[in-house]
Amino acid sequence: MSTLDRRDFIKSSAASLAVASLVASCGKKQEGDSNAQNVGGKVDQLGIKWDKSVCRFCGTGCGVLIGTKKDKVVATKGDPDCWSNKGLNCVKGYFLSKILYGKDRLTKPLIRKNGKLTESTWDEALDLIASKYEEVLKRDGSDGVAMFGSGQWTVFEGYAALKFMKAGLGYISKDGVGSNNLDPNARMCMASAVAAFMRTFQSDEPMGSYEDLEHADTFFTWGANMAEMHPVLFSRIMDTKMKNPDKVKIVDLGTQYTRVSEESDLYLEFKPQTDLAIANYFIHYIIKNKLYDKEFVDDNLVFKKGETNIGYGLKDGGADIPKTAGKMTKISFKEYKKFVSKFDAKYASKISGVPVAKLEEAAKLISDPNRKVCSYWTMGFNQHTRGTWVNQLVYSIHLLTGKISKPGEGPFSLTGQPSACGTAREVGTFVHRLPADLVVKVEAHRKIAADIWKIPVEKINPKVGKHTIEMFRAIDNGKIKLLWVQVANPYQSLPNLNRFTKAAMEKDVFIVVSDVYPTRSTEVADVVLPSSMWIEKEGMFGNAERRTQHWDKIVNAPGEAKNEIWQMIEVAKRLKIDSKTTVADKIFTYNEKTFYKDMWEEYRLFSLGRAKDLAPYDVLRKEHGVVWPYVAKNDKTDFTDVWDGIENTEANDYVSVKWRYNAKYDPYAAKFIKDHPERTFKDGIAFYKASKSDYCATVFAVPYEPAAEVPDKKYPFWLCTGRVLEHWHTGSMTMRVPELRRAVPRAVVNINPDDAKRMGINRGDLIRVKSRRGEVVFPADVNGRSVPQKGMVFIPFFDETRLVNQITLDCYDPISKEPDYKKCAVTIEKV
Amino acid sequence: MERRDFIKRSVAVSAIGLTGGFSFISLLGNNKTYYFRPPGAVEESQFLAACIRCGKCVQDCPYDSLKLGSLEDGINIGTPYIEFRDVPCYMCADIPCIAACPTTALNHDLKDINSSNMGTAVLTDREDCLSLNGIRCEICYRVCPLTNKAITLTKHPQSITKKHTVFEPVVHKEICTGCGICENACPLDTPAITVLPTERGDKAAHYILLREQQS
């Protein structure tokens with residue numbers, strides 16, 4: 001930017017904007033109209049080349065336009081044509097380009113020699129990695145290796161990793177099958193949401209769209225600090241509120257007072273874990289006052305009861321979890337009514353600490369037939385030892401009231417990573433999954449994958465692999481001997497970190513870390529592979545509203561840094577099946593010139609006809625994001641007879657579905673309803689994916705159960721961890737942006753003012769926070785941006801110099817296997 | 001930015017009726033320059049009379065926020081001052097600088113640091129302020145030690161996207177202590193929010209504003 005005159009620069013971009021708006025005004029602008037003026041590598045009068053891309057941080061998926069000159073990013077701007085953000089960014093997005101240019105980018109492969117990471121050549125590093133794969137796979141079989149990936153993988157990377165692990169390694173391993181020990185850090189992020197989607201609707205990911213933010217009039221935020229974690233989306237909620245201040249209500253439910261609470265009309269501060277009791281009370285209220293939608297219940301819902309006392313995954317291998325933990329038993333509506341009858345306001349108030357009057361006020365709002373209600377949540381629900389339960393309870397609320405799959409009405413699980421949906425969930429880079437909601441344990445699903453991949457079905461391992469926590473425990477227990485970490489920093493983000501870091505250092509395990517900067521994970525690696533990041537390679541991300549966004553490779557990576565796909569292919573090339581063929585010959589057969597297109601079109605086959613239909617490569621390359629299902633009028637399925645009844649299909653042979661299951665928007669729903677004349681479907685909503693429960697969504701009966709570790713005399717405080725607006729995840733990128741680092745240079749421990757006063761703690765005092773697993777010192781913040789309830793402290797996890805995860809607990813939800821970073825017991829004292 | 005430039009930065013503020021921990025000095029012609037004193041500093045002429053240049057407040061500041069004036073700084077040699085963009089005042093509850101002061105240059109009656117008044121933060125660059133441009137920044141708001149009191153957010157519609165909200169940071173000068181943490185944290189190269197000498201004009205007694213009627 002320094003070589004450019006800012007004034008000229010702005011003038012030129014204003015000119016292109018004017019052209020764009022002129023084009024837009026020529027006709028009604030529809031989502032999906034592309035604006036070729038400022039993208040696609042066009043060069044403006046200042047010699048700046050403009051391309052489209054998407055923000056590298058959270059799951060909102062804000063579009064950004066990237067201006068480059070001489071292979072360097074000289075400017076970025078919000079993309080007005082991306083419907084997820086309409087051109088706006090948060091302050092992290094403002095500094096996005098700087099994440100490429102940190103001074104300590106990794107540019108050479110490093111191999112640990114005599115305890116020190118030493119520069120090497122790619123050949124040496126790749127030969128070493130391949131020889132380790134050979135050694136471990138031939139000795140220990142497919143169980144001996146693991147890969148820990150990411151919701152920040154591009155879709156291509158995740159898909160390549162999936163094939164590498166689940167198909168490719170089967171050609172080398174002793175047992176002749178691939179390894180399912182592939183899990184993403186998304187396990188720590190939204191696995192509970194996934195489990196609940198699958199158990200409720202039998203199809204993953206939200207039904208709604210960000211447009212709900214404009215259509216709704218009642219917003220429930222459940223343990224979600226959207227003001228800081230999804231700043232651009234929260235800004236839309238506030239706009240909706242400003243436009244109709246008397247009607248629109250924001251109800252914030254949380255364990256600490258945040259910037260959302262500040263803007264809310266009603267704040268319910270509940271004791272950690274008791275969201276279960278509150279959600280059950282809302283259901284109780286709905287049933288008792290007959291506020292449920294009777295027709296909708298009759299047409300579309302089935303009732304099931306869950307198992308109780310399901311454990312916390314505290315013992316290795318989940319030894320404390322009953323085998324039936326995830327079982328759901330069908331019950332009648334009458335039985336369901338009886339089950340929730342005990343969760344009255346008095347009960348919920350006693351457990352949660354929320355006054356009865358506030359509970360009633362919230363219950364009234366969420367069940368009001370004249371209100372359009374949306375629920376939003378993220379980690380508060382997902383990082384929860386009963387996360388699947390609480391997700392399902394919120395679905396139950398929306399299902400009973402029929403407030404679902406309609407503009408402005410629905411439950412919406414937000415995501416924290418740019419491609420948690422697009423890569424981790426849609427590609428299925430989990431220990432139990434394959435693309436498009438298919439799973440390894442079902443033979444028919446393995447067959448689908450084997451057919452698409454053109455490999456023998458026997459190569460795909462039917463045994464579910466070791467999920468994140470068990471994966472890292474297995475390293476400690478000597479069961480996993482080779483771990484490849486890509487685009488993730490587990491040695492900062494794992495709970496009960498001391499155990500896992502110690503294991504990484506002391507156990508016989510070979511750890512490869514592919515990353516762009518030195519992190520706490522590269523510190524324990526045997527080999528560090530320098531990776532290209534973000535726009536240094538072609539990629540796609542999929543955001544929380546099911547929008548897939550493509551970008552071209554825009555700049556070159558520094559030094560010898562290479563794409564993770566290249567890294568995996570090079571290892572696969574070194575894994576010889578016989579004298580002539582390698583693993584790469586079996587799984588990476590794409591044409592070099594059309595590599596990404598070939599790969600995408602192959603991957604896309606999984607989605608077609610399953611109501612998960614992804615758009616073709618050429619469409620994604622052109623458009624500024626396309627929401628799936630992107631349904632063709634007549635391709636895998638013939639929708640011709642219902643096509644005219646679908647909104648926004650005029651003169652189009654494709655439609656992007658904004659509200660799934662709703663026949664007005666979703667051709668699959670319309671078709672399903674047409675094909676089932678014997679049934680009625682209230683409001684034209686059909687849960688056509690729920691084949692295992694007669695195409696009905698599941699309303700779930702489970703009680704409140706306590707957290708895994710509860711404060712006691714010795715450790716009297718709850719510890720909750722999370723993020724701040726300025727930094728993202730482990731800070732490996734944002735802490736390298738000088739401006740963001742200056743703004744928030746270190747993590748602090750947020751303490752309730754009453755507790756602070758009682759203990760004589762002032763802002764800035766150094767506080768030792770101690771749990772059964774370790775201790776860490778943080779400066780105190782009292783009455784700051786986050787004010788925890790009495791008896792709780794909050795600490796963000798971005799700061800690599802003060803690792804809060806050294807004291808967190810590695811318990812997890814027995815159903816989703818997602819750890820609970822929000823609840824463990826600590827004690828605090830002034831240093 | 002050069003430290004000298006920073007100190008010499010000229011501003012157009014009225015010098016009438018100023019009290020508190022800051023001072024104007026005339027260096028070059030009509031260029032007016034100001035600098036800021038530690039919390040509890042008395043009115044500048046009294047401060048200069050009382051301060052014995054012992055440097056004890058500087059020594060006891062745990063964050064090195066306080067510096068000693070040198071000839072080069074154009075500040076009375078040996079007197080303490082703060083550059084907020086460099087290191088702001090982190091508002092220690094026990095106010096060690098005042099405790100260390102052997103004279104009356106710093107007001108020993110000041111017990112609550114939140115009542116101190118080193119200056120007042122002002123959104124000086126409304127055009128470049130990221131928050132006012134709709135970027136979800138508001139760093140100044142969130143880092144303010146008097147959260148949601150000294151700085152609050154006023155909401156306006158985002159006129160370009162028509163779908164978002166502009167969160168405007170508004171400083172309340174009665175509450176702002178002028179600690180400079182916001183100025184320090186502002187992510188722009190030249191901070192859009194800066195601490196200026198507090199203006200203490202007579203409050204207009206002849207009219208009561210609507211917001212005052214409400215409160």
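Figure 1. Among the elements covering the buried residues of α13(A) are α10 (275-288) and α14 (356-367) of chain A. Helices here are DSSP runs (H or I, at least four residues), strands are runs of E of at least two, and both are numbered from the N terminus. This is a predicted model, in which local features need pLDDT of at least 70 and side-chain atom pairs count only at pLDDT 80 or more, while totals for chains, interfaces and linings use all residues. Residues are numbered from 1 along each chain as its sequence is written, and chains are lettered from A and ligands numbered from 1 in the order in which they are written. Helix α13 itself runs over residues 345-352, and its buried residues are A:Ala345, A:Ala348, A:Ser349, A:Ile351 and A:Ser352. "Buried" takes 20 or more other C-beta atoms within 10 Å of a residue's own, "exposed" 12 or fewer, and "partly exposed" is in between, with C-beta atoms placed from the backbone. Just past the helix, look for A:Gly353, which has a positive phi of about 80°.

Figure 2. The buried set is A:Pro231, A:Val232, A:Leu233, A:Phe234, A:Ser235, A:Arg236, A:Ile237, A:Met238, A:Asp239, A:Thr240 and A:Lys241.

**Figure 3. Two helices of chain A side by side: α4 and α22.** Helix α4 (residues 155-166) and helix α22 (residues 564-574) of chain A pack with axes 9 Å apart, at an angle of about 20°. Axes are lines fitted to C-alpha atoms, for helices over the stretch in contact, and angles run from 0 to 180 degrees between N-to-C directions. That makes α4(A) and α22(A) roughly parallel; the cut-offs are under 35 degrees for roughly parallel, over 145 for roughly antiparallel, 65 to 115 for roughly perpendicular, and oblique for the rest. From α4(A), the contact uses A:Phe156, A:Glu157, A:Ala160, A:Ala161 and A:Phe164, and from α22(A) it uses A:Glu564, A:Ile565, A:Met568 and A:Ala572. Contact means C-beta atoms, placed from the backbone, within 7 Å of each other.

**Figure 4. A close look at A:Val619.** This residue sits in helix α25 (residues 617-622) of chain A. A:Val619 has 17 C-beta neighbours inside 10 Å, so it counts as partly exposed. A:His550 is 69 residues away from A:Val619 along the chain, yet their C-alpha atoms are separated by 9.5 Å.

**Figure 5. Where chain B meets chain A.** Here 24 residues of chain B are in contact with 28 residues of chain A. On the chain B side, α5 (139-143) and β6 (151-157) each supply at least two residues, and α5(B) gives the largest share, with three. Chain B as a whole has seven helices and eight strands, and 43% of its 215 residues count as buried.

Figure 6. Chain A has 29 helices and 32 strands. Of its 831 residues, 62% count as buried. The C-alpha atoms of chain A fill a box of roughly 70 × 70 × 65 Å along the principal axes.

Definitions and conventions. Two residues are in contact if their C-beta atoms, placed from the backbone, lie within 7 Å.
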